[in-house]
Amino acid sequence: MTTPATGVPPRAQMWPLYAAGFTTAFGAHGIAANLFSETGNLPASLLYLGLLLALYDGAEVVLKPVFGSLADRIGARPVLIGGLIAFAAASAVFVVVDDPSWLWLARLGQGAGASAFSPAASSLVARMNPKSKQGRAFGTYGFYKSIGYTLGPLLGGAIVWFGGLSLLFAVMAVLAVSVAVWGALAVPSIPPLPRARQTVVDLARRLSDGAFLRPTAALAAATAALSVGVGFLPVSGAAAGLGPVVTGAAVSLLAACAALTQPRAGRALDAGRLHTRTGIRAGLLITAAGLGCAMLPGLVGVLLAAVAVGIGTGLITPLAFAALAASTPEERLGQTMGAAELGRELGDAGGPLLVAGAAAVATLTVGYAVLAVLIAAAPLAVAQRERPRS
């Protein structure tokens, strides 16, 4: 493992990475929340909508580990820029064609582009910052991703109202190209590090090690809870007689709490006031408590759930990524971040499926309870001897 960076990079070099994080989050939620405007008149529209949503996530599940490994091989910067350009190209194709039947290809292309630049950005955050400052770096990166998740449905809806889904795709194309140019100008070229030959057995051994599995499991749990909160808290609110404005505000509150918690958790980690093991445990327990609050009827339960799930997931995310970066050889950072992102995508899909399945058999309250119990038990799995940070 080579000597890590010894100084904090200039903020101008980090801003394009934060912008890339915002872009992937804004593109995922901003477009997904408004796809129904173009699919509502198509045959079997709900099934088609589900397939469109699955295409984006499916591309990420398959391709993120691949592009993460490519970043280790050729350098993360070209993968970052190439992924942003691919995302922009896929968005531009739909604008030019302006045909709803092309949505599947556009979303597949966007998912493939995000699969490249998202793990590359995470790898660069780790490579460009010394280990003693990675908590703050990942916290800030997570903050801007959370801002993208928060603003995506709101700004996306406003853009679609003003000019249709084609205008939203055009905005995404311009945003991705702008970030790609910004990254090409500001992000330094960091050459790939020499790597020892790795067999499939070596890879399996490293990815099955607790130093990888525990933070990744925590990330998957956090993402599952976040997805359930965003998807099902409005359902609970509607069942309690709350209007869409109130339930929408609750979802925004959840995302805002996650966004504000992440940089604070990262700074506390770097200052030694918080440790990855205890911080991740606390985050998991707070998240589970938030899902327990979602079982309470009425506005109080919805708001308490939004705050607790936001704070809990905001604690977990930067600490887990910092733990992964600290335990990974720098020449394999891209591969590790890509594989960890795969874990997050599985949580993103698995959490809602688990809750929906339990709700179909019993009630939504039971669904919340099942996920809360699983997440509350997760600290037993992530218990570990803390690695020293150098």
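Arg-344 lies in helix α12, which spans residues 333–361. Please bear in mind that we are looking at a predicted model. With a relative accessibility of 12%, Arg-344 counts as buried, because the cut-off for that class is under 20%. What does the side chain of Arg-344 make a polar contact with? The partner is the side chain of Thr-223, at 3.5 Å.

I turn now to helix packing. Two packed helices are described by the angle between their axes and by the distance between those axes. For helix α9, residues 244–270, and helix α11, residues 298–327, the angle is about 30 degrees and the axes are 7 Å apart. That makes α9 roughly parallel to α11, since angles under 35 degrees are assigned to that class. The crossing of α9 past α11 is right-handed. As for composition, the residues of the contact between α9 and α11 comprise 19 nonpolar and seven polar, with no charged residues.

Next, the cysteines. How many disulfides does the structure hold? The count is zero. Cys-257 is buried, at 14% relative accessibility. Cys-293 is buried as well, its relative accessible area being 19%; the limit for buried is under 20%.

Finally, a point on backbone geometry. Most residues other than glycine have a negative phi. Asp-98, a residue other than glycine, has a positive phi, near 55 degrees. Where is Asp-98 found? Its place is the loop between α4, residues 76–97, and α5, residues 103–128.

Methods. Residues are numbered from 1 along each chain as its sequence is written. This is a predicted model: local features need pLDDT of at least 70, side-chain atom pairs count only at pLDDT 80 or more; totals for chains, interfaces and linings use all residues. Side-chain values use heavy atoms; hydrogens and water are left out. Axes are lines fitted to C-alpha atoms, for helices over the stretch in contact, and angles run from 0 to 180 degrees between N-to-C directions. Helices (H or I, at least four residues) and strands (E, at least two) are DSSP runs, numbered from the N terminus. Angles under 35 degrees count as roughly parallel, over 145 as roughly antiparallel, 65 to 115 as roughly perpendicular and the rest as oblique. A crossing is left-handed if the near helix is turned anticlockwise from the far one by less than a right angle, and right-handed if clockwise. Ala, Val, Leu, Ile, Met, Phe, Trp, Tyr, Cys and Pro count as nonpolar, Asp, Glu, Lys and Arg as charged, and the others, Gly among them, as polar. A disulfide is a pair of cysteine sulfur atoms within 2.5 Å. Buried means under 20% relative accessible area, exposed over 50%, partly exposed in between (1.4 Å probe, protein chains only). A polar contact is a pair of N or O atoms within 3.5 Å; within protein, one must be able to donate a hydrogen and the other to accept it, and residues adjacent in sequence count only if both atoms are side-chain atoms.
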